[in-house]
Amino acid sequence: MLSQNIQNAINAQINAELWSAYLYLSMGMFCEDKGMPGVANWFRIQFKEEQAHAEIFMNYVNRRGGRVLLAPIDAVPVDGWNSLTELFEAVLAHEQKVTAMINDLYALAESEHDYATRDQLTWFVNEQVEEEENAQTLINKFRMIGTDGPGLYTLDRELAARVYNVPAPLQTAE
Ligand code: FEO
């Protein structure tokens, strides 16, 4: 059984994951509009990954006899990014915020001696290392080859190749 405190905190995290999904979908539509279908593909995959993160938390709450309560999703930015580098710097900054939220949740689980929740969060701790690394790697590439002309063409083709992989916790749940 989850404590009310933990349940509230996970429900807030579910909302944050769905907000992240919506944010990345918005960034993807921004890229479609700018004629960058490959970059848009990267964001569409990211949109699915964030939905999967929410689903992992929802499955966990249900398995522990808790109640998932879906709150409204706040509006997301729709434009204002002046370059691809700026766009992915916004992604990195957002992921750093999510990392801090996951760490807070982990600390809360530990303080309540809820080791099942803490162990569930270990997957997210590692996932956040990957999320931040992915954004940083792309920012480094943009700086190296530039995001105009041939550089942009190359990057767009590269990001078009990204495919969605069902995260491990959802594979075992099937
Ligand atoms: Fe759900 Fe991008 O972290």
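Predicted model: local features only at pLDDT ≥ 70, side-chain atom pairs only at ≥ 80, totals over all residues.
Entry 1, cores. I looked up the largest nonpolar core and found 23 residues in it. Met27, Cys31, Val39, Phe43, Leu87, Phe88 and Val91 touch the most other members. Two or more residues come from each of α1 (4-33), α2 (37-63), α3 (84-111), α4 (115-145) and α5 (149-160). I then noted another core, apart from this one, with 18 residues, including Ile6, Val68, Ile102 and Leu121.

I listed the contacts of Val39, leaving aside neighbours within four places in sequence. The partners are Cys31, Leu84, Phe88, Asp156 and Leu159.

I searched the whole structure and got eight aromatic pairs. For Tyr24 and Phe43, the ring centres are 6.1 Å apart and the planes stand at 35°, so I logged the pair as tilted. Tyr24 is in helix α1 and Phe43 in helix α2, 19 residues apart, and the pair links these distant parts of the chain. Tyr24 counts as buried at 0% relative accessibility, and Phe43 counts as buried at 0%.

I also logged Phe88 with Phe142 as edge-to-face, with 5.2 Å centre to centre and 70° between the planes. Phe88 lies in helix α3 and Phe142 in helix α4, so this pair ties together parts 54 residues apart in sequence. Both Phe88 and Phe142 are buried.

At Trp42 I noted Arg162 over the face of the ring, 4.5 Å from the ring centre.

Methods: Residues numbered from 1 in each chain as written. Heavy atoms only, no water. Core = buried A, V, L, I, M, F, W, Y, C linked by side-chain atoms within 4.5 Å. Buried < 20%, exposed > 50% of the residue type's maximum accessible area, 1.4 Å probe, protein only. Helix = DSSP H or I, 4+ residues; strand = E, 2+ residues; numbered from the N terminus. Contact = heavy atoms within 4.5 Å. Phe/Tyr/Trp six-rings, centres within 6.5 Å; stacked < 30°, edge-to-face > 60°. Lys NZ or Arg CZ within 6 Å of the ring centre and 35° of its normal.
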